[in-house]
Amino acid sequence: MSDLAAHRTREPVHEQHVDGFGTVRVVPLDAHADAGTVHGWVSGERAAFWGMNGLTREQVAEIYAHMDTLETHHAFLILKEEEPVALLQTYEPGADRVGECYPVEPGDMGVHLLLAPAGPGAARPGWTAALVRAIASYVLLTLDRRRIVVDPDVRNEKAIARFLKEGFTAGPEVVLPEVDIPDVYLPEKHAQLAFLTRELAFPQ
């Protein structure tokens with residue numbers, strides 16, 4: 001079965017038509033079937049802040065296979081008209097190192113978002129806005145959460161600017177502690193927290 005056919009067989013956890021963009025579907029990531037696609041995204045220099053540069057395809061698959069065993073952290077592919085265009089990770093802040101760095105509130109959900117690289121010379125105006133809109137609908141409405149938390153690296157000025165442009169409110173700069181356990185190693189990270197509340201994203 002081709003990767004595209006495999007994507008089509010998965011039941012989406014969220015599906016939404018975004019005006020001027022198209023249909024967005026959020027489907028569970030298959031750690032092994034999607035390893036080639038994801039490795040191609042995370043191994044590029046543009047994804048340096050994702051923290052997986054230098055890993056092999058097999059190592060990337062192992063990381064997401066481990067994540068699939070957790071109840072607090074989840075990974076998804078975002079599809080635009082059946083084409084994979086982004087990698088989404090959601091997590092419970094209270095079960096993550098970011099929870100040591102700010103007062104977690106009931107209804108918080110952490111999000112990591114990595115856009116697929118555009119083709120050579122291909123501009124994609126409006127893509128970030130459309131995908132953030134769909135993710136906000138999934139997290140804040142479908143999952144009934146009250147606030148999205150993001151923690152981009154402080155050096156990732158483009159990502160920070162994108163989140164603020166899409167309505168996130170800047171929080172404090174924090175230092176996420178190193179994680180060194182048998183299945184996971186994460187180096188210390190200087191991050192800029194930002195938040196998007198349901199009230200701000202979907203005003204009544």
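User: Where does Asp 144 lie, and is it buried or exposed?
Analyst: This is a predicted model. Asp 144 lies in the loop between helix H4 (127-142) and strand S6. The cut-off for exposed is over 50% relative accessible area. At 52% relative accessibility, Asp 144 counts as exposed.

User: What is the phi of Asp 144?
Analyst: Most residues other than glycine have a negative phi. Asp 144 is not a glycine, yet its phi is positive, at about 60°.

User: Which loop holds Glu 82, and what is its phi?
Analyst: Glu 82 sits in the loop between S3 and S4. Its relative accessible area is 22%, so Glu 82 is partly exposed. Although Glu 82 is not a glycine, it has a positive phi of about 80°.

User: Which residues of helix H3 are buried, and on how wide an arc do they lie?
Analyst: H3 spans residues 57-67, and its buried residues are Val 60, Ala 61, Tyr 64 and Met 67. An α-helix has 3.6 residues a turn, so residues three or four places apart point the same way. The buried residues Val 60, Ala 61, Tyr 64 and Met 67 are therefore on the same side of H3, covering an arc of only 120°.

User: Which residues are exposed on the other side of H3, and what covers the buried ones?
Analyst: On the other side of H3, the exposed residues are Glu 58 and Glu 62. The cover over the buried residues of H3 includes helix H2 (35-42), strand S3 (73-80) and strand S4 (83-91).

User: How are the axes of H2 and H3 arranged?
Analyst: The two axes come within 9 Å and cross at roughly 105°. Angles of 65 to 115 degrees count as roughly perpendicular. H2 is therefore roughly perpendicular to H3.

User: Which residues of H2 and H3 meet, and how many of them are nonpolar?
Analyst: From H2, the residues are Ala 35, Gly 36, Val 38, His 39 and Val 42; from H3, they are Arg 57, Val 60, Ala 61 and Tyr 64. By class, the contact has 1 charged residue, 2 polar and 6 nonpolar.

User: How many residues of H2 are buried, and which are they?
Analyst: H2 is largely enclosed by the rest of the structure, because 6 of its 8 residues are buried. The buried residues are Ala 35, Thr 37, Val 38, His 39, Trp 41 and Val 42.

User: Is Asp 153 buried or exposed, and which residues is it in contact with?
Analyst: Asp 153 is in the loop between strand S6 (147-150) and helix H5 (157-165). Buried means under 20% relative accessible area, and Asp 153, with 9%, is buried. Leaving aside neighbours within four places in sequence, its contacts are Phe 49, Ile 160, Lys 189, His 190 and Ala 191.

User: Which backbone nitrogen does the side chain of Asp 153 reach, and at what distance?
Analyst: The backbone nitrogen is that of Arg 155. The side chain of Asp 153 reaches this atom at 2.8 Å.

Notes: Residues are numbered from 1 along each chain as its sequence is written. This is a predicted model: local features need pLDDT of at least 70, side-chain atom pairs count only at pLDDT 80 or more; totals for chains, interfaces and linings use all residues. Side-chain values use heavy atoms; hydrogens and water are left out. Buried means under 20% relative accessible area, exposed over 50%, partly exposed in between (1.4 Å probe, protein chains only). Helices (H or I, at least four residues) and strands (E, at least two) are DSSP runs, numbered from the N terminus. The arc is that of the directions from the helix axis to the C-beta atoms. Contact means heavy atoms within 4.5 Å. A polar contact is a pair of N or O atoms within 3.5 Å; within protein, one must be able to donate a hydrogen and the other to accept it, and residues adjacent in sequence count only if both atoms are side-chain atoms. Axes are lines fitted to C-alpha atoms, for helices over the stretch in contact, and angles run from 0 to 180 degrees between N-to-C directions. Angles under 35 degrees count as roughly parallel, over 145 as roughly antiparallel, 65 to 115 as roughly perpendicular and the rest as oblique. Ala, Val, Leu, Ile, Met, Phe, Trp, Tyr, Cys and Pro count as nonpolar, Asp, Glu, Lys and Arg as charged, and the others, Gly among them, as polar.
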